[in-house]
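Open the model in your viewer and keep the selection tool at hand. This tour goes from two side-chain pairs out to the whole chain.

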Amino acid sequence: MVQGRKKRWRKPRVYKNKEKHEKQRMIHIVVERNRRKQMNEHLAALRSVMLESYFQKDQASVVGSAIKFVKELEQLLSVS
């Protein structure tokens with residue numbers, strides 16, 4: 001028989017300084033927003049240099065397609 005694990009319950013964190021915690025949370029949100037904005041700019045740059053046949057919707061596919069595109073370009077250059 002398979003024995004199930006008991007779920008551990010965590011006590012909620014008690015923050016001594018709620019203002020400090022809220023400030024850290026807001027900073028984290030801003031940092032993540034900037035990171036996503038920068039990632040979208042990089043993806044747009046990749047899309048601008050790739051052929052339309054390589055376009056994909058999601059980010060992982062765009063990066064994978066860009067890598068494939070660059071490898072094909074390298075092969076073309078090495079043949080020439």
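A residue counts as buried under 20% relative accessible area, exposed over 50%, and partly exposed in between. Keep those cut-offs in mind; this is a predicted model.

**Stop 1: Arg 25 and Glu 22.** Select Arg 25 and show its side chain. Its relative accessible area is 39%, so Arg 25 falls in the partly exposed class. Side chains of opposite charge can pair when their charged atoms come close. Where do Arg 25 and Glu 22 sit along the helix? Both belong to helix α1, which covers residues 18–49. They are three residues apart there, which means a separation of about one helical turn.

**Stop 2: Arg 35 and Glu 32.** Stay on helix α1 and select Arg 35 with Glu 32. Another salt bridge joins these side chains, at 3.0 Å from N to O. The spacing is again three residues, or about one helical turn. Colour by accessibility. Arg 35 is partly exposed at 43%.

**Stop 3: the whole chain.** Zoom out and switch to cartoon. The protein chain has two helices and zero strands. Show the surface next. Of the chain's 80 residues, 9% are buried.

Technical notes. Residues numbered from 1 in each chain as written. Predicted model: local features only at pLDDT ≥ 70, side-chain atom pairs only at ≥ 80, totals over all residues. Heavy atoms only, no water. Helix = DSSP H or I, 4+ residues; strand = E, 2+ residues; numbered from the N terminus. Buried < 20%, exposed > 50% of the residue type's maximum accessible area, 1.4 Å probe, protein only. Salt bridge = Lys/Arg side-chain N within 4 Å of Asp/Glu carboxyl O.
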